[in-house]
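Below is a short report on one protein model. Read it alongside the coordinates.

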Amino acid sequence: MSNGTPLGDFLRARREALKPHDVGLPEHGRRRVPGLRREEVALLAGVSSDYYIRLEQGRENSPSPQVLDAVAQALKLDTEATDHLNRLCLTASQRPRDWGETDVSQQLLQLMDGWDHTPAFVVGPALDIMAGNSLATALHKGFDQFDNLAHMVFVDPAGRDFYQEWERAAHSCVAEIRAAYGHDPESARIAEVVAELSAQSEEFAGIWKMHDVKSKSQEGKHLKHPQVGDLHIKFAAFTVNGAPHQQLVVYQAEPASPTAAAFETLRAMATQPKQAQATVPDLAVNEQ
């Protein structure tokens with residue numbers, strides 16, 4: 001994923017994203033490197049230049065919480081990025097070894113199946129689709145596969161038509177994987193997904209290098225389904241109790257809205273194959 005350390009890569013990317021005027025420093029002449037200089041970050045954080053260079057180069061493995069807070073303030077990190085910075089400094093022995101169940105629980109599957117009017121699905125750290133109800137499957141019917149959200153956004157041709165705010169969806173996907181990476185930098189699955197998408201999409205590779213961090217939260221989406229048209233939805237993501245590496249994603253439509261009506265159409269389309277299959281045994285018996 002990188003030739004450097006996770007901590008060093010993160011610090012370097014966030015340093016290069018800042019301009020001197022962003023942090024109240026004067027800017028004189030032409031700069032040979034993008035963003036702030038290491039010495040400027042050290043000055044803002046109140047640490048020696050040598051110490052900060054060692055930190056960015058991965059030669060300082062145990063910075064104090066006070067130093068990390070100072071560096072976070074110098075780099076203008078928000079709360080989530082600051083938490084990510086602190087997680088990157090954890091040793092392997094300090095990281096949680098058990099993220100809970102690797103499969104989606106039967107109780108959660110039954111819960112989602114009972115939501116006839118609400119698309120719901122479960123994603124893993126690398127945005128793999130671990131399970132989904134019938135309405136979620138119908139909603140994503142235009143994709144080649146309903147298997148990984150990042151792959152669907154960046155690689156599947158249907159992604160740019162489905163996600164009407166494609167750039168926002170793209171940045172969101174990458175930031176979510178980056179957040180998961182902070183929890184488990186040794187994850188083989190995250191490394192695999194990042195490598196595959198970086199090879200297949202220059203846009204993914206470019207956004208990944210930005211080191212933006214953001215978990216799923218609550219916001220709106222503008223989608224366009226190939227059969228029912230525009231959908232304006234709200235969504236929420238919930239950490240699954242007992243399996244904190246899983247996220248339950250729930251889409252909702254405003255009551256009595258065109259999107260709610262479209263969901264009803266999708267629900268009817270999703271049940272038609274099941275109804276057709278249910279009649280097959282009866283026909284076979286009659287023929288006998």
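Ala 256 is exposed, with a relative accessible area of 83%. Exposed means over 50% relative accessible area, buried under 20%, and partly exposed in between (1.4 Å probe, protein chains only). Phi of Ala 256 is near 60°, a positive value in a residue other than glycine. Ala 256 sits in the loop between strand S5 (243-252) and helix H13 (258-287). Helices (H or I, at least four residues) and strands (E, at least two) are DSSP runs, numbered from the N terminus.

Leu 127 also has a positive phi, near 70°, and is not glycine either. Its loop joins strand S1 (120-123) and strand S2 (129-132). Leu 127 is buried, at a relative accessible area of 4%.

## Basis of the model

The model is predicted: local features need pLDDT of at least 70, side-chain atom pairs count only at pLDDT 80 or more, and totals for chains, interfaces and linings use all residues. Residues are numbered from 1 along each chain as its sequence is written, and side-chain values use heavy atoms, with hydrogens and water left out.

## Nonpolar cores

The largest nonpolar core has 44 residues. Such a core is a set of buried Ala, Val, Leu, Ile, Met, Phe, Trp, Tyr and Cys residues joined through side-chain atoms within 4.5 Å. Phe 121, Leu 149, Phe 154, Tyr 163 and Ile 177 have the most contacts inside it. Helix H10 (residues 166-183) contributes the most to this core, with eight residues. Apart from it lies another core, of 28 residues, including Val 23, Leu 68, Ala 74 and Leu 88.

What does Leu 149 contact, leaving aside neighbours within four places in sequence? Its partners are Phe 121, Val 123, Leu 127, Ile 129, Tyr 163, Cys 173 and Lys 216. Contact means heavy atoms within 4.5 Å.

## Helix pairs

The axes of helix H1 (residues 6-16) and helix H5 (residues 79-88) come within 9 Å and cross at roughly 150°. Axes are lines fitted to C-alpha atoms, for helices over the stretch in contact; angles run from 0 to 180 degrees between N-to-C directions. H1 and H5 are therefore roughly antiparallel, a term for angles over 145 degrees. Pro 6, Leu 7, Phe 10, Leu 11 and Arg 14 in H1 meet Ala 81, His 84, Leu 85 and Leu 88 in H5.

The axes of H10 and helix H11 (residues 188-200) come within 10 Å and cross at roughly 145°. Ile 177, Ala 180 and Tyr 181 of H10 touch Ile 190, Val 193 and Val 194 of H11.

Notes. Angles under 35 degrees count as roughly parallel, over 145 as roughly antiparallel, 65 to 115 as roughly perpendicular and the rest as oblique.
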